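Biologist: Could you zoom in on one part for me, starting with which side chains are buried or exposed, and carry on outward from there?

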4 protein chains.
Amino acid sequence: MNNVMWDIAHLAHVELLTPKLDESTHFFTEIMGMSISDTKGDSVYLRAYDDYEHHTLKLTAHKNAGIGHYAWRLRSADVLNEKAKTIEATGLGLGWTPGDLGHGRTYQFRMPSGHLTEIYFETEKFKPSEAQASALKNTASKFPGRGINVRRIDHLNLLSEDVAAFQNFQLNHLGGRLTETIIFDDNEVKGAWFSVNSKSYDLAVTQDHVKGMTNRFHHLTYAVNSREEVLIAADIALENDIFIETGPHKHAVQQTFFLYLYEPGGNRIEIANATARLVLDPDYKTIVWTKEERAKGQAWGLKTVESFHTRGTPMQEDL
Amino acid sequence: MNNVMWDIAHLAHVELLTPKLDESTHFFTEIMGMSISDTKGDSVYLRAYDDYEHHTLKLTAHKNAGIGHYAWRLRSADVLNEKAKTIEATGLGLGWTPGDLGHGRTYQFRMPSGHLTEIYFETEKFKPSEAQASALKNTASKFPGRGINVRRIDHLNLLSEDVAAFQNFQLNHLGGRLTETIIFDDNEVKGAWFSVNSKSYDLAVTQDHVKGMTNRFHHLTYAVNSREEVLIAADIALENDIFIETGPHKHAVQQTFFLYLYEPGGNRIEIANATARLVLDPDYKTIVWTKEERAKGQAWGLKTVESFHTRGTPMQEDL
Amino acid sequence: MNNVMWDIAHLAHVELLTPKLDESTHFFTEIMGMSISDTKGDSVYLRAYDDYEHHTLKLTAHKNAGIGHYAWRLRSADVLNEKAKTIEATGLGLGWTPGDLGHGRTYQFRMPSGHLTEIYFETEKFKPSEAQASALKNTASKFPGRGINVRRIDHLNLLSEDVAAFQNFQLNHLGGRLTETIIFDDNEVKGAWFSVNSKSYDLAVTQDHVKGMTNRFHHLTYAVNSREEVLIAADIALENDIFIETGPHKHAVQQTFFLYLYEPGGNRIEIANATARLVLDPDYKTIVWTKEERAKGQAWGLKTVESFHTRGTPMQEDL
Amino acid sequence: MNNVMWDIAHLAHVELLTPKLDESTHFFTEIMGMSISDTKGDSVYLRAYDDYEHHTLKLTAHKNAGIGHYAWRLRSADVLNEKAKTIEATGLGLGWTPGDLGHGRTYQFRMPSGHLTEIYFETEKFKPSEAQASALKNTASKFPGRGINVRRIDHLNLLSEDVAAFQNFQLNHLGGRLTETIIFDDNEVKGAWFSVNSKSYDLAVTQDHVKGMTNRFHHLTYAVNSREEVLIAADIALENDIFIETGPHKHAVQQTFFLYLYEPGGNRIEIANATARLVLDPDYKTIVWTKEERAKGQAWGLKTVESFHTRGTPMQEDL
């Protein structure tokens, strides 16, 4: 077993920047159905009802939308220490921090794409109050019955001008495996989907078609329990003036049943079903999609909307 | 066409009595996802998000649980006037009332079982405020995104010692047709399901196994859009300490996918999916279930819980 | 009560023409999950598992795709006789026929749009063999467990250059009511949705944008029990090389959750869920959609594909 | 990282014994929707449409129902060699075999409960013919559109008189972690649920209440994509005279939405949804259920049927 492949346990949390902190917070609590764990300074910490950690989303007030940082939880404290050394040796390391609300010390670094990334192990597991506790002790907290009722953080999609460089760093130094990829005829890697556990992906990186911007964010995904709930989410978005970019429909890549919304701060948020699709094969062969295959659109023929290829946060006009 | 058969347009509303008005109101608003249209005296008037009238449920404070009255909306003002005369001639009529919040004058009478029944035509259709209006103009008001999100009133189930007498009055004088029935070997009618439109039933009457009580209520049903939402409703009940009597499961009779809850006042409430099943055949032949067939339990083999056969409101201990 | 409004019980069956009878038959049996009731000459008669009549679809070999005729079942033999006289008086009547496999004598006429229409009452209800019988006696036959598993015929959509003329004939002479309509600024009626029972529509007529063609067919719809099954239908179409024109998505008009396929003969077939939406209000006010409202696309923002506005069968190139 | 914990990749296949090979084969192909990969001697090899290996089920003719053996696929050839040594040292090893149709050499051993178990790495991945290939290259083969349409093998439940002994061997020598367990007041372990990847369990062992029998089988589970499909599966079972023992309902333990059937040979088969529930936390704390908690029945209150506690295959009367 390649130890690097399994060093990461899961995607832990994402910090999103928003120029409208109050509206964004309202969106994630009242529309998405998430709960506030805590607030500190200009930041609000939130979790979905079955997220087991203190938070999976940190919203921070900022002049423009975008991503602050994201974090992986590693498999053990030992793996964390070794990993920090490995990254330091690549020259992209930034060093240790004492951590944040909800988790212990982190090692920070920048991916080749410029995205600020953290790794940690020590965490504060969410302990529900009596009122918050689920009737089923194998659920992290009560099903909210509010808005979209998202269950857990699912995956993150970043933009990068050089997907191949991102991919090499991820697979050689950080962990995970490449379950699907898009490669055009010129051998240019257009997208890469990484899995760090049995989910078919936890992080996607797709090519940034806007030149000269770095550290751009494409979308963050929360999972619900069924496709029916993704359809209900579309109605909830419609009824509450939340912009629907595209969907519900099924991606050909990874087969995700998707719905893309823009939260009030401008970041793209995906609602997806917690899919039946798992990758359990230990020597799984990466699925490679060609230009011709991708030109067919999504699984059932929907043409991909133009903004999906070009819009990321921050946007050009933000800068 | 038998004019009597089509005189009734639909089940309009039900008045439930509750010894815990506040808790019951909280159940119907926060757990069921209904909205308060108005209050008057000891009564609260509520509707589901796609109910088109002022209210479909009137909750009234009372020393015990049970049913106050229920109402049919007829097809026209002319039909109403003729129907009042027909009922008056049976000797069961009580006379005209000026109506209530949300609807015009009603003709009141008692069914042979003693249940207080009203018929009317003039109604106040719900006009949503801008904040309440749905983004889809063919929906009566906004999808709530709160609790069980019930869509509309579906049907009512009453208890009667003499189901045959109830049935005769309904079919000969009031309207509707008998779509399904349970008849035991002794030719005793154990249950009767009446449809007044294309739904497969709007009113059910089943035998009261408790002797000497009258005017008893079995359950009131609100519909959601899918079976998945009935399953989610079960989780919401579980998480909020609402007693689940039985289900989710599928009835053999009428094929309803059911979940039975007790609201805090003690009345049984059913959540069902707004089924695909319609009865469009103009000379539909009533489905007759025998004792042996009913002994098989529900559609997928679930044995019917004992309380479902015996418990109605008011309960014996209430009196 | 306007007697004309309720004279029709339901949409009974549709005869589709196909240049590929074998492939079309395979589509309706193996992909849609329907069953063959009988064959006669160049025609195959089919029904969905919960259709109660002998057939709801007649496939007839022809040089091009299109519609042969469609039929309404009326409420009674008396209504049929009166209706035939009414239509004869309009000058559009063609006269009585002895009927076809599965139903008794019909009165034939042409709608102002030229579509051949039949009305009848006497019918042969489907009697399943022991092997075909459902375990639930309130289902017309066994759930097939094959392909898309459509449950029942739902509605028909025709094309007409003069929607207003079609509408006037339908409402004044035939029956039903107008539940939704699209009217552009020039007061031109672009689409009309008629309901003859509690379903929110049974027949739609939309404007034919191709000039000089008559008797054109837009689509025929079969209902499944849930939106989840519409999604599964999309996968089944994808896996079996059945062209998906658009969907799954939700129409704003009538809120139908739709999937449009082309059967091998070229006719457009819709799979929709048997919706929760019923129109029970006896004085329901027609929903009117404007040009601006329709420009928003479907319920969740999907733009309507161009072919949906222009393609009907027969197609121009067929003639 | 405890290397033992992650040595196993996934549950690979199960050999079920059946006294009615033809009827059992018909059940798994026509009712469950699986496909035959091959046959050899008295055995039929089958897979679900998204199983990536040659087979996940081997049906073998035998005088009574029960389990022949089951197999784990390990993470690598190296892990396999080391694991064989580890097991040999425990004294429970049986030795190497050259393998079977579809996979390479295996190391065989008996669990403390007597169950014959195999481990292997080399496998023959399923290569669909053109006709079998899915339109989506990330699916192992075409969605069948036949019967219950199971997607993949999910988990296995064995019976053992001494659950603790089984558990110790599994966790100390084989791999996986204990995600949930039932422990009664006398510290007796009544049930143990093991996960070897991110699924919340792959193998369950529950106490055999019948004394003196060994090597008994409780159930084998195949997953479908949604709860709606579990409900449809119940109808398909009902329509095809397949005995439904209990369900559909939701387990409190592991939250599985279940349906239990008896295949014609007598073995219990579960249909479950491929759940949203994943265990990604690397230091997850085992959920412990007490006697009082289990006495509450299943998640929504369904009492567990008696046969679920006592019936395994082979049955006492078989011997």
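Modeller: Let's start in chain D, where Phe27(D) and Phe28(D) are both buried; on this scale buried is under 20% relative accessible area, exposed is over 50% and partly exposed is in between, using a 1.4 Å probe and protein chains only. Keep in mind that this is a predicted model, where local features need pLDDT of at least 70 and side-chain atom pairs count only at pLDDT 80 or more, while totals for chains, interfaces and linings use all residues. Residues are numbered from 1 along each chain as its sequence is written, chains are lettered from A and ligands numbered from 1 in the order in which they are written, and side-chain values use heavy atoms, with hydrogens and water left out.

Searching the whole structure over all chains turns up 40 aromatic pairs. To count as a pair, rings of Phe, Tyr and Trp (its six-membered ring) need centres within 6.5 Å; planes under 30 degrees apart are stacked, over 60 edge-to-face and the rest tilted. Helices here are DSSP runs (H or I, at least four residues), as are strands (E, at least two), numbered from the N terminus. Trp96(D) is partly exposed at a relative accessible area of 38%, while Tyr107(D) is buried at 2%.

Staying in chain D, have a look at Ile36(D), in strand 2 (residues 35-40). At 45% relative accessibility, Ile36(D) comes out as partly exposed. If you skip neighbours within four places in sequence, Ile36(D) is in contact (heavy atoms within 4.5 Å) with Thr25(D), Thr29(D), Val44(D), Tyr45(D) and Leu46(D). Its C-alpha atom is 34 Å from that of Leu280(D), 244 residues away along the chain. Chain D also has a cis peptide bond from Gly247(D) to Pro248(D), with omega near -5°, and Pro248(D) is in strand 14 (residues 244-250). Chain B has a cis bond joining Gly247(B) and Pro248(B), with omega about -5°.

Now over to chain A, by way of Trp6(D): the charged end of Arg75(A) sits over that ring, 4.6 Å from its centre. For "over" to apply, NZ of Lys or CZ of Arg has to be within 6 Å of the ring centre and within 35 degrees of the ring normal. Arg47(A) has its charged end over the ring of Phe126(A), 3.6 Å from the centre. Phe258(A), Tyr260(A) and Phe308(A) make up one aromatic cluster. In helix 1 (residues 21-31) of chain A, the buried residues include Leu21(A), Phe27(A), Phe28(A) and Ile31(A). After helix 1 of chain A comes Gly33(A), with a positive phi near 85°.

Asn187(A) has a positive phi as well, near 65°, and this residue is not a glycine. You'll find Asn187(A) in the loop between strand 10 (177-183) and strand 11 (189-195) of chain A, and at 64% relative accessibility Asn187(A) counts as exposed.

Ala299(A) lies in another loop, between helix 5 (291-294) and helix 6 (306-310) of chain A. Ala299(A) is buried, at 7% relative accessibility. Leaving out residues up to four places away in sequence, Ala299(A) touches His249(A), Lys250(A), His251(A), Ala252(A), Leu238(C) and Leu136(D). C-alpha to C-alpha, Ala299(A) is 7.4 Å from Gln255(A), though they are 44 residues apart in sequence.

One last stop, in chain C: Lys83(C), Thr86(C), Ile87(C) and Thr90(C) in helix 2 meet Phe169(C), His173(C) and Leu174(C) in helix 3.
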